[in-house]
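Hi everyone, thanks for coming. I'd like to walk you through a structure that may be new to you, so let's bring it up on the screen.

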Amino acid sequence: MFPPNARTRWLNGTCDSSVDMELFLHYSLIPSLFIILVLSFLQRREQHRERDDTYLLRNRFGIIIPLDFVGTFSNRWSYGIAFGATANKVMFLFSEGYQPLLVPQWAQAFVLLIGGIEVGLSHFPFFACLSSEFGLVSSVLGFSYSLIWFVVTILYIIQCPHGQFVGSYETVVFYWPSLLCLAFLLGRFLHIFVRSLRVHLGWELQTEEKPFLEAHQAEHVRQLLRTRPRQERNKSWFQTRIYEWDPYFQFPSRMIGTIVLAFICLYLFIVFEFCVFVYVRDALDAFEGELESYITSMNQTGTPALLQVKELINITKEVWVVTILPASLTCVSYLFHILACYRKHIKRLWAGDKHFLPLKFHNPSSSESVVAIARYSGWQIAYILWGYLIIHVMQSLCGLAITYSLVLPVIHHQALEMLRGLGIGILTVSIVLGLMVLQVWIAASFFLQPKMGTGDKQKPLALNNRRAFHNFNYFLFFYNVLLGLGACLSRLFISCILGTWLVARIDRTILQSGYERADMGFSAWIGMLYVDHYHTNPVLVSFCHILITGHRQRRLQQTIKYWCLNQSAGPRLSARSRTRWLLLQTLINNPELVRLRKSRPGLGSQELTQILLTCSES
C-alpha cells in the first residue's frame, strides 16, 4: 500500500527516488540471514541425538525463537514497538501490492504467502535480538540492523518528502510511525548493550533467567488463597464505568504487539483512504465542472435533475470527510475494548466459568485452537481495517439520510413540510407501538390468573377467561399479519445496523445462535483464549512450579545424603574433592551457571555438566 519506487511517482508526482524500498526489502534478507545464523550458532541445542555431527557442531545452531506467543510477559512494549516497525510492510501486503512474480489469478495466494514469509524474515532480527540471551552480541547486531533500516527510510523520505495528494511532507505522514519505532529499537538495543557490557566487565550482577512463575501470577494465587479479601476502596467513575486496573494481571506480549500494530495500521489505512478520497474528489470536481458547463449551455437555467446530481456530489464529499472522525474513534474504542474483553474472558475461564461461551465452544478442538493463536493477531488487524471502512460507509449513508431528511428541507425553505411529514411518521410509529403495548396490557389484565403470593413479581403463566382469549386471538390474527411485515423489516434493518457496526469486533459473533462456528474470526478468538488458559493459568503454573521446586530439592537432598554416607565411610577428603563438592552444590543452587560452564574432556566435568543440565531441565 505504501511502497516503493514503483509507486514513487504516484505518491510524489515527478519525484524519482534512488532508494527502492521494495528492492531494499529483498536485499535486507542477506543481513537478516547472517544475524539468524550468528544467533543460531551461539544458541546451543537443549535436546540432541547422538549423531556423528555432535562433536563437530558441539550442539550449536539451535532454533531461534523470535517471540514466545503464549507465555512472554517481559519486554512486552519492546516487542510491541518491534511489531509497529513492520506496519508499512504489513499494509503493503494488505493492499496486495507485493507482486514479485507474474502468476495466474488462482496462484495469487501462494505469492502472498511468499510475501508474508519474506516480510517476516526481513524483520526477524528485531525480535530475535530482543529475545536472545546473548545480550552483548545480539544488541550489537540488533542495533546495526535497526540503524540500516532507519537510515534507508530517512534517505527515502529526504529524497521524496512531498506528494500530490496530502501535499507537503506526504511521505513523512506515511513513514513517521515506522521511524519512531525504529528509533525506539535503537535506544532499546543500546540500553541492552550497556547493561550487558557492565555485566561482562563485572560492574553489575547478571540478572536471573526468565522465571517459570511470573510475579503477577504468584500474587494472583496469593490473592485467591487469602481467607479475608482486602477491603475494596471507593472506585472512581472511570474505574466503575470504563476500566479498572488489575495489579495481578498482565497482558501477554502477543496482545500488546497486536494492539500496537493495529493502531499504526489503522492510522496508515485512514491516511491512505484520505488519499483515495482526494483522488476521487478531484475527479468529481472535474465532472462537476463539465456538468456546470453543460448547464450553462442550456440557457443558464439547467434542469432539476442535473442540479440534484451536483448537490448530491457536494453533500457526499462533505459527509464523507465529517464521518472520518467518528469512524476512527469507533475503531479505536474497539481496540481498547478488545483488551478489556480479553481480561474479562480469560479470568472467567480461570475461574471455570464457560457460560459466556456458546455451547459448541465448551470443548474446542486442540488442533484448531493451536492454529487459532497463530491466526488471531493477523485476523484482528484485518478485521479492524475492514471494519473501519464498513463503519465509515455506514455512517456516511446515515449522514446522507439525516441531511436529506432534516437539513436540506430547512435550507430549501421546506421546514414546515419536513416537520409535517416527521410528525406523521412519529405518530404512525407511536400508534403501532401503542397497539402492541395495549395487547400486552390486555393480556396481563384479563387473560392471566391472579398472583399466587404477595411477593410474586408477575402473574403465573396460567390462562384465564379462555373464551374471551380465543376471540381476542382470532380478531387480532389478521392485523398481526400486517404488523409482522413491519416487524420483519425492522429485524432486517437492526441486523444490518448491528452487523456492520460490530463487524470489527472479533471478540463476539454477529451470527445467530447455532451458527457461531461459521464465524471464523470468533472461532479464532475462542481458540486463542483456550490456548492462553491452558498455558498461562496462574493456578496451574503455580502448581507446576511447586512440583519442579520440590523435585529439585529432593534431588539435592539425595545428593547430600549420598555424599555424607561416603564421607563417613571413606577416608578424609582431599582438597580437590572438597572443591568439586562445593562446585556441585553451587551449580545445583544456580542452574543458570550450568550452561555457562566450560567443559574439558578427560576430567569428568563434561559428564557432570550433562547431568546438571538434565537436572535443571527437569
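Quick word on terms: when I say helix, I mean a DSSP run of H or I with at least four residues, numbered from the N terminus. And keep in mind that this is a predicted model.

Which helices does it draw on? Helices α16 (366-411) and α17 (415-446) each supply at least two of the patch residues. Take I411, which is found in α16. Its relative accessible area is 52%, so I411 counts as exposed, the cut-off being over 50%.

Now look at the loop between α16 and α17, where you'll find H413. H413 has a phi near 60 degrees, which is positive even though the residue isn't a glycine. Most residues other than glycine have a negative phi. H413 is exposed too, at 75% relative accessibility.

There's another one like that: N465, with a positive phi of about 55 degrees, and again not a glycine. N465 sits in the loop between α17 and α18 (466-501), and at 40% relative accessibility it's partly exposed.

Last stop, the second largest pocket, with a volume of about 1,200 Å³. What lines it? There are 34 lining residues, and F83, V90, G116, A374 and G378 lie nearest the centre. Helix α16 turns up again here, giving the largest share of the lining, nine residues. By type, the lining splits into 23 nonpolar, eight polar and three charged residues.

Terms used
Residues numbered from 1 in each chain as written. Predicted model: local features only at pLDDT ≥ 70, side-chain atom pairs only at ≥ 80, totals over all residues. Heavy atoms only, no water. Buried < 20%, exposed > 50% of the residue type's maximum accessible area, 1.4 Å probe, protein only. 1 Å grid on protein atoms, 1.4 Å probe; cavity = no way out; pocket = protein on both sides within 12 Å on 5 of 7 lines; lining within 4 Å. Points joined across faces, edges and corners; volume = space filled by probe spheres on them. Nonpolar A, V, L, I, M, F, W, Y, C, P; charged D, E, K, R; others polar.
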